[in-house]
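Please read the following explanation alongside the sequence and the three-dimensional structure.

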Amino acid sequence: MMKQFVDDNGKWLFSGNRDDLQLSRMVAKACESFAEDDEDEQIDDITRSCFNCAYRRWSVDSFHCLAPNCRTDQ
Ligand code: SF4
């Protein structure tokens with residue numbers, strides 16, 4: 001997993017915050033698991049962004065990535 005995520009009790013937590021569009025786009029560009037979420041769930045104008053990904057689950061300040069191949073033990 002990319003260093004932009006930290007282990008949060010076994011789930012990957014984005015180390016940026018909910019305003020960090022540039023980092024979210026950079027991560028998604030390099031991610032093989034990106035899956036476009038439903039249009040009404042997307043918040044970034046640039047499609048390929050973690051903020052628009054179906055594997056993103058919002059937390060209070062950030063989001064977790066729930067992609068099956070994103071494991072905290074690698
Ligand atoms: S949220 Fe989506 S694009 Fe971002 S790291 Fe996870 S699977 Fe990849």
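A residue is called buried if 20 or more other C-beta atoms lie within 10 Å of its own, and exposed if 12 or fewer do. The model to which this rule is applied here is a predicted one.

The rule may be applied to helix α1, which comprises residues 21–30. Ser24, Val27 and Ala28 are buried in this helix. These residues lie on the same side of α1, because they cover an arc of only 95 degrees around the axis. The face of α1 turned away from the buried side carries the exposed residues Gln22, Lys29 and Ala30.

The sheet may be considered next. In general, strands of a sheet pair through backbone hydrogen bonds, in either a parallel or an antiparallel manner. In this model, 4 strands form an open sheet with antiparallel pairing, and their order is β1-β2-β4-β3. At the edges are β1 (5–8) and β3 (56–58), each of which pairs on one side only. Neighbouring strands of the sheet are turned against each other by 40 degrees on average, direction ignored. Strands β2 and β4 (residues 63–65) run antiparallel and are joined by 2 bridges. Leu13 stands opposite His64, a residue of β4.

Two loops deserve attention. Asn9 is located in the loop between β1 and β2. Asn9 is exposed, because 7 other C-beta atoms lie within 10 Å, and the limit for this class is 12 or fewer. As a general rule, most residues other than glycine have a negative phi. Asn9, although not a glycine, has a positive phi of about 55 degrees.

The loop between β2 (11–14) and α1 contains Asn17. Is Asn17 buried or exposed? Asn17 counts as exposed, because it has 11 C-beta neighbours inside 10 Å. When residues up to four places away in sequence are not counted, Asn17 touches Asp61 and Ser62. Asn17 and Gln42 are 25 residues apart in sequence, and their C-alpha atoms are 16 Å apart in space.

The ligand remains to be described. How many residues surround the ligand? There are 12 such residues, and the closest are Cys31, Cys50, Cys53, Cys65 and Ala67. Classified by type, the shell around the ligand has 10 nonpolar residues, 1 polar residue and 1 charged residue.

Notes: Residues are numbered from 1 along each chain as its sequence is written. This is a predicted model: local features need pLDDT of at least 70, side-chain atom pairs count only at pLDDT 80 or more; totals for chains, interfaces and linings use all residues. A residue is near a molecule or strand if its C-beta atom, placed from the backbone, lies within 6 Å of it. Ala, Val, Leu, Ile, Met, Phe, Trp, Tyr, Cys and Pro count as nonpolar, Asp, Glu, Lys and Arg as charged, and the others, Gly among them, as polar. The arc is that of the directions from the helix axis to the C-beta atoms. Two residues are in contact if their C-beta atoms, placed from the backbone, lie within 7 Å. Two strands pair if DSSP finds at least two bridges between them. Axes are lines fitted to C-alpha atoms, for helices over the stretch in contact, and angles run from 0 to 180 degrees between N-to-C directions.
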